[in-house]
Amino acid sequence: MANYGMAFDYKLCINCKACEVACKEENGIDLGANNHRLWIDTTEPDGDIWDLDLTQTRYMPTQCQHCEDAPCLKACPNDAIYRDKNGIVRLYNDRCDLSLDCIKACPYDARYIDTRKKITDKCLFCADTRLARGETTTACQLTCPTKVRIFGDLDDPQSEISKTLKSREYFTLKSNLGTKPKLFYLE
Amino acid sequence: MKLIETSRRRFLKSSVALCIYASSSFGKNTQLFNQSNKVQTTLINIPYLCNMCRNKCAGFAQVENNKITKLNPNKFFPKSRNMLCPKGNAGIDAIYDKDRLKYPLIRIGNRGDGRYKRVTWDEAYEYIKDKLVNIIDTQKDNRSTIAYCNGEGFNKDEYIKFFGDKIGSSNFLDEGSICLNTKLGATLLTIGDVGEMDVAGSDFVLILGANRFESLITPDSIDLVNKKFVVVDPRATVTALKSSQYLPINPGTDLALCLSMIYIAIKNNLYNKQYVKEYFKDFDKLKSHILKEKYTATWASKKTAIPKEKIEQLTKDFFSSIAPLLYMGRRSVWTKNDFQLRRAMVLINALAGSINRKGGIIFGQPISLASEEINTPMYDNTKERFDLDGIVYGSSKGGSWLNFRDKVVNNTAPYPVKAMFIRKHNLMQNMPNIAKTKKMLNMMELVVVLDTIPTDTAMMADVVLPECTYLEREDMVVSFGKLEPSLALRNQVIKPLYESKSMQDILKGLGKKLSRPLFDISCKYDSELQDSIKELGKDGAYIDGGYDLTELYKKSITQRNKDIIIPHFGQKAYDNLVSKGVWYDNMEQYHKEIFNETYEYYPEDKKYYTIKRDYKVNCYLEKLSKNGFDPMPTWRDEYNFEVAKNHFRFITGRYVNFTQTATTNNAMLRDIISTNHIWINNKIAKKLEIKLGDIVEVKSPQSSVTIKAYPTNKIHPSVVWFAHGFNSTSEAMTNSYNNGANDNEIIEDKFEKIYGCATMHHTNVTIRKI
């Protein structure tokens, strides 16, 4: 039992995509341009080469937000989406009929279609692999050269993520939607 | 704005309907990657060292039922600090690449056309023996008629011991002369050591051209992210975009910037006078030279296109910092002034006192490993290498590729080179002027390639010997690091797949086949050997003279590692290397987690920041002036940056996902970046009506390529860039064949004369939309 969340010290991201490759290898994601559980949104400076405003540079790793109020969960007509005992938004694969309501409902573009399994797939915080083995890291977190991600139990006040969120400023994405995401971006 | 090479996520929503029933364009090997929801119980983790690039990070390979299912970082290694980059993670796809070389092959078609027949190892060895015996007999036992080369850091010394020490050739070539020898040489000749950069300890890092966030070298790339650093580069790389200040510069003019920094520091007394007094040799010569030449900021501004005020401010910021570091990059030979540039960079570090101290160029205390003694034959008729003729210094180990190749193809070498043994060195893609490399290989009577994949170079081989990958072999233990030294061991994770073998096993097999026949040729021509035979008999002379080529491989690698490690460092060190992959003194005590999977390896007071050593900073190199070169860094008008109207200077570099040619066939990495694009300044592109994705022809005086365009504001208007390593011509490399453009097709082959290094950033090109 845990309430897993993830904090991103995103200013440390160098856009190397080690996380994306580690995720694909860990979770057996099919190759193909649209298939990924996590990605990096990039913003780079406008303007002229001689006068670039570097403060515009932003590499923003992101993935499923594991919203406390998850639009995908409510949207699924087959009740295929559920929240597991660790607070992770999951899917009963056999109930998914690719109605795609979850994809349309997700404000974060977190889901894609796994054509091999014929389901909509997304980040599970490595629930089927690492967490199932009793490990408490995700593949993306561990492999990162600059350790952008802090992963852990939000309900444990002693966890690194809880301590970090207590001591540092952060924001969440599209907080106005009331989805209560569990990915936190550190300032 | 968005990079074309990055996120494809936005594509998803609009194309959902289209892709529901479309299958993936690539299919992974489902047998290996079809992960079920249940967790296997037979999971083991074996420590290994990565080989996807030069850096050598440490990892743990997760093995289930003899298959590698995941590669994870190793938290014990001070050098790579618990991380694996995208390439490291994609190592699995290198092991299970369907294009791998699986069996020994003998050519049945013409060189380059890719027609081979599968043979047994014995047939391959037999073929090599017959050819080689004939060649060496014809050359009257001049063993240097064999050239041998190696592009992989690991096992290089083993390879040299076989072909150099045992077989007796003088002609070894490696990647140094198409990479970083000017930097190594300049540092060595100036401060007596190649050093190590302490990025973590510096409070101000100045980077000229190096791209540490897209060409990862640990721990530098990791440490840099928390630093204040300035990047000078004609191209706004990711490193530049993440810097505190980015200064675009005219390519090839970094030396002018450095000379001006030296001028300003001396003129304004900004340099560390105490350090200069204690360590500099010939400082007075440097001072008068620099002041006489008047390398002012105004002067440098005209050369570099960096505003005068910024040069002045940069110099002040650098010299007023506590521990400034002018960072020396890699793959760094840009133009013919490169050696002088690297010297100037070392001198600037030295003027700031940033040598042998925290945050500077560290000497440190690497762990030394005992060398294994072998009995080396003396060949009377073997001739010296010739590729350093006309080179002032040059590396006596790895030589000069372009000079070597020129002498071979022009028939100006003092003796014919008739055979080449090429190990993991893709000559047909890795150096400028591919047509010339092809000509050189076509002049050989025997070309043997040892590699893991069917490269363009393998397609030129008569015999292809499939080597296993880094995860299928144990290697000799390696000493890493100077500031935080450690030993690291590449353990074998799985047995070699198919019929591939480790390099040692290949050389052992070859040695068994070649030892006696090659000895017999020496008996014919070698008078010293003939004397020895008279005294000891033929068998006695064979044994006494060390002609058994398999001597080093009588013992297994495991046994040899034990023999090197246990007597010097103890059983516990060996056990640690086997179970954790890493060992250093007091590791259990020192190694501890700081926060979030980040570790400390040595306590601050145990790091080897400063060591006792007598050394001098050499301002003046007499040997250079004797050979007609500037003994101190000097600007020459010929270094000025100029391109004719409608021309661009072509420069090359990296994407973070690819190292060199070997990684561009990797299915996983290709999935992240599908091809290379040419960067062209957006304003120029608009004038030329070139849009994103347009195919353009890039033409140099040497050749031309076609490539997709990427108009961007991130590049100097007179410069174009694309990444190295693309467009294999070998059809057997299914992902990299005919995909993108190859930089070495258009780069003119020129080399600087101090170290004989190929220069990469001197070619001017035109661009035409087609």
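What share of the contacts in chain B with a separation of 6 or more comes from residues 24 or more positions apart? The figure is 74%, where two residues are in contact if their C-beta atoms, placed from the backbone, lie within 7 Å.

Before selecting anything, note that this is a predicted model, in which local features need pLDDT of at least 70, side-chain atom pairs count only at pLDDT 80 or more, and totals for chains, interfaces and linings use all residues. Residues are numbered from 1 along each chain as its sequence is written, while chains are lettered from A and ligands numbered from 1 in the order in which they are written.

**Chain A**

Select chain A, whose C-alpha atoms fill a box of roughly 55 × 40 × 35 Å along the principal axes. Chain A has five helices and 10 strands, these being DSSP runs numbered from the N terminus (H or I and at least four residues for helices, E and at least two for strands). Of its 187 residues, 51% count as buried, a term that requires 20 or more other C-beta atoms within 10 Å of the residue's own, with C-beta atoms placed from the backbone. In chain A, residues 24 or more positions apart account for 56% of the contacts with a separation of 6 or more.

**Chain B as a whole**

Now select chain B, which holds 28 helices and 29 strands and whose C-alpha atoms fill a box of roughly 75 × 75 × 60 Å along the principal axes. Buried residues make up 55% of its 770 residues. To see the domains, whose bounds come from an automatic or database domain assignment, colour domain 1 (105-175 + 384-479 + 500-553), domain 2 (197-361) and domain 3 (639-769) of chain B separately. The C-alpha centres of domain 1 and domain 2 of chain B lie 41 Å apart.

**The seven-stranded sheet**

Next, show the strands β5-β4-β17-β16-β15-β6-β7 of chain B, which in that order form an open sheet with mixed pairing; two strands pair if DSSP finds at least two bridges between them. At the edges stand β5 (116-118) and β7 (171-174) of chain B, each with a single partner strand, so one side of each has no neighbour in the sheet. From one strand to the next, the twist averages 20°. Within this sheet, select β16 (residues 446-451) and β17 (residues 463-466) of chain B, which pair in the parallel sense over four bridges. B:L450 has B:L465 in β17(B) as its bridge partner.

**A covered strand**

Move to strand β9 (residues 204-208) of chain B, where five of the five residues are buried. On one side are B:F204, B:L206 and B:L208, and on the other B:V205 and B:I207, all of them buried. Strand β13 (residues 324-327) of chain B pairs with β9(B) in the parallel sense over four bridges, and strand β10 (residues 229-232) of chain B also runs parallel to β9(B), joined to it by four bridges. Centre the view on B:L206, whose bridge partner in β13(B) is B:L326 and which stands opposite B:V230 in β10(B).

**The nonpolar core**

Finally, which residues touch the most other members of the largest nonpolar core? Of its 266 residues, they are B:L259 and B:I262; such a core is a set of buried Ala, Val, Leu, Ile, Met, Phe, Trp, Tyr and Cys residues joined through C-beta atoms within 7 Å. Helix α11 (residues 254-267) of chain B gives this core its largest share, 10 residues. Not counting residues up to four places away in sequence, B:L259 touches B:I290, B:Y295, B:A300, B:A344, B:P633 and B:W635.

How values were computed
Axes fitted to C-alpha atoms, helices over the stretch in contact; angles between N-to-C directions. Buried ≥ 20, exposed ≤ 12 C-beta atoms within 10 Å, placed from the backbone.
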